[in-house]
Amino acid sequence: MIQNSTLLQGWGISRDETRLQWRTWGFWVLSFLLFGVILSDFSYIAGSTIDLPLAAFHFADRAAMIGSMLVMVSFPFVLDRVRRVRVAPIEFSKPFQHLAYVLGKFFGCFLPAAIILVAGLVLHLGIFLSGGHVVSLAAALTTYAYAFLMVTLAPILFAASLTFFLSVVFSKPLVIVPL
C-alpha cells in the first residue's frame with residue numbers, strides 16, 4: 001500500500017526532475033521537432049476539406065511517433081544523471097523510500113513530455129479551426145482528446161516504461177529503438 005509520505009516524497013522528487021528535464025538541450029530539440037512536424041501539417045489541413053476525425057487521428061499518429069522518440073531519448077538518462085555528476089552518495093543518503101524515488105523520477109520525466117504534447121495538440125487544433133472548417137469547439141476538443149488518448153498515449157507510455165525499466169535493471173542508460 002502506498003502511504004501518504006511516499007506520495008509526498010515522490011511528488012518532491014518529480015518536481016525536481018521536471019525542473020531538470022526543462023534544462024536539457026535534447027528535450028528542447030525534440031520538442032521543436034514535434035512543433036515542426038505539427039506546423040508542416042498546416043498546408044495539408046488548412047487548405048483542404050479534411051474532416052475532423054481524420055485531422056485528429058493524423059495529429060495523434062504523428063505525435064505518437066515524435067513523443068515516443070522524445071521519451072526514448074530522455075528517459076534512459078534520468079537515473080544516470082545522478083551517477084554522472086557523482087552525487088549518488090549524497091542523493092541516496094536522503095531518507096526516502098525507493099518506490100518514491102523511482103516513481104518521482106518517472107513522473108518527473110514524463111510530465112514535461114506530456115506538457116509539450118498537449119501544447120502540440122492545442123496548436124494543431126488551432127490550425128485546424130483556423131483553416132475555415134465549420135465545427136463546434138466542443139466537438140473538436142472531444143475528438144482531438146479521444147484521438148490523443150487512444151492513439152498517442154499508449155505508445156508513449158510503453159516506450160517510456162520500457163526504457164525506464166531497462167535503465168533500472170541494467171543500471172546503464174540504454175537507448176532503444178523498437179523496430
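Guide: Let us begin with one pair. In this predicted model, the side chains of aspartate 16 and arginine 19 meet in a salt bridge, with an N to O distance of 3.3 Å. As a general idea, side chains of opposite charge can pair when their charged atoms come close.

Visitor: How many residues apart are aspartate 16 and arginine 19 in helix 1?

Guide: They are 3 residues apart in helix 1, and therefore about one helical turn separates them.

Visitor: Are aspartate 16 and arginine 19 buried, exposed or partly exposed?

Guide: For this one reads the relative accessible area, where partly exposed lies between the 20% limit for buried and the 50% limit for exposed. Aspartate 16 has 39% relative accessibility and so counts as partly exposed. Arginine 19, with a relative accessible area of 44%, is partly exposed as well.

Visitor: How many salt bridges does a search of the whole structure find?

Guide: The search finds 2 salt bridges.

Visitor: What is the relative accessible area of glutamate 17, and what is that of lysine 105?

Guide: Glutamate 17 has a relative accessible area of 1% and is therefore buried. Lysine 105 is buried too, with a value of 6%.

Visitor: How do the axes of helix 1 and helix 7 cross?

Guide: To read a helix pair, one takes the approach of the axes, then the angle, then the handedness. The axes of helix 1 (residues 4-22) and helix 7 (residues 98-130) come within 7 Å and cross at roughly 45°. The two helices are therefore oblique to each other. The crossing of helix 1 and helix 7 is right-handed.

Visitor: Which residues make the contact between helix 1 and helix 7?

Guide: On helix 1 they include Thr6, Gly10, Ile13, Glu17, Thr18 and Trp22. On helix 7, Tyr101, Gly104, Lys105, Gly108, Leu111, Pro112 and Ile115 are among them. By class, the contact of helix 1 with helix 7 has 11 nonpolar, 8 polar and 2 charged residues.

Visitor: Which residues does threonine 18 touch, not counting those up to four places away in sequence?

Guide: Threonine 18, in helix 1, touches Gly108, Leu111 and Pro112 when those sequence neighbours are not counted. Its relative accessible area is 10%, so threonine 18 is buried.

Visitor: May we apply that reading to another threonine?

Guide: Threonine 152 is found in helix 8 (residues 137-170). At 0% relative accessibility, threonine 152 counts as buried. Leaving aside neighbours within four places in sequence, threonine 152 is in contact with Ala60, Ala63, Ala64 and Ala147.

Visitor: How many helices and strands has the chain?

Guide: The chain has 8 helices and 0 strands. Read from the N terminus on, its elements run α-α-α-α-α-α-α-α.

Visitor: What percentage of the residues in the chain is buried?

Guide: Of the 179 residues in the chain, 41% are buried. A further reading concerns separation along the sequence. Among contacts in the chain with a separation of 6 or more, 83% are between residues 24 or more positions apart.

Methods: Residues are numbered from 1 along each chain as its sequence is written. This is a predicted model: local features need pLDDT of at least 70, side-chain atom pairs count only at pLDDT 80 or more; totals for chains, interfaces and linings use all residues. Side-chain values use heavy atoms; hydrogens and water are left out. Axes are lines fitted to C-alpha atoms, for helices over the stretch in contact, and angles run from 0 to 180 degrees between N-to-C directions. Helices (H or I, at least four residues) and strands (E, at least two) are DSSP runs, numbered from the N terminus. Angles under 35 degrees count as roughly parallel, over 145 as roughly antiparallel, 65 to 115 as roughly perpendicular and the rest as oblique. A crossing is left-handed if the near helix is turned anticlockwise from the far one by less than a right angle, and right-handed if clockwise. Contact means heavy atoms within 4.5 Å. Ala, Val, Leu, Ile, Met, Phe, Trp, Tyr, Cys and Pro count as nonpolar, Asp, Glu, Lys and Arg as charged, and the others, Gly among them, as polar. A salt bridge is a side-chain nitrogen of Lys or Arg within 4 Å of a carboxyl oxygen of Asp or Glu. Buried means under 20% relative accessible area, exposed over 50%, partly exposed in between (1.4 Å probe, protein chains only).
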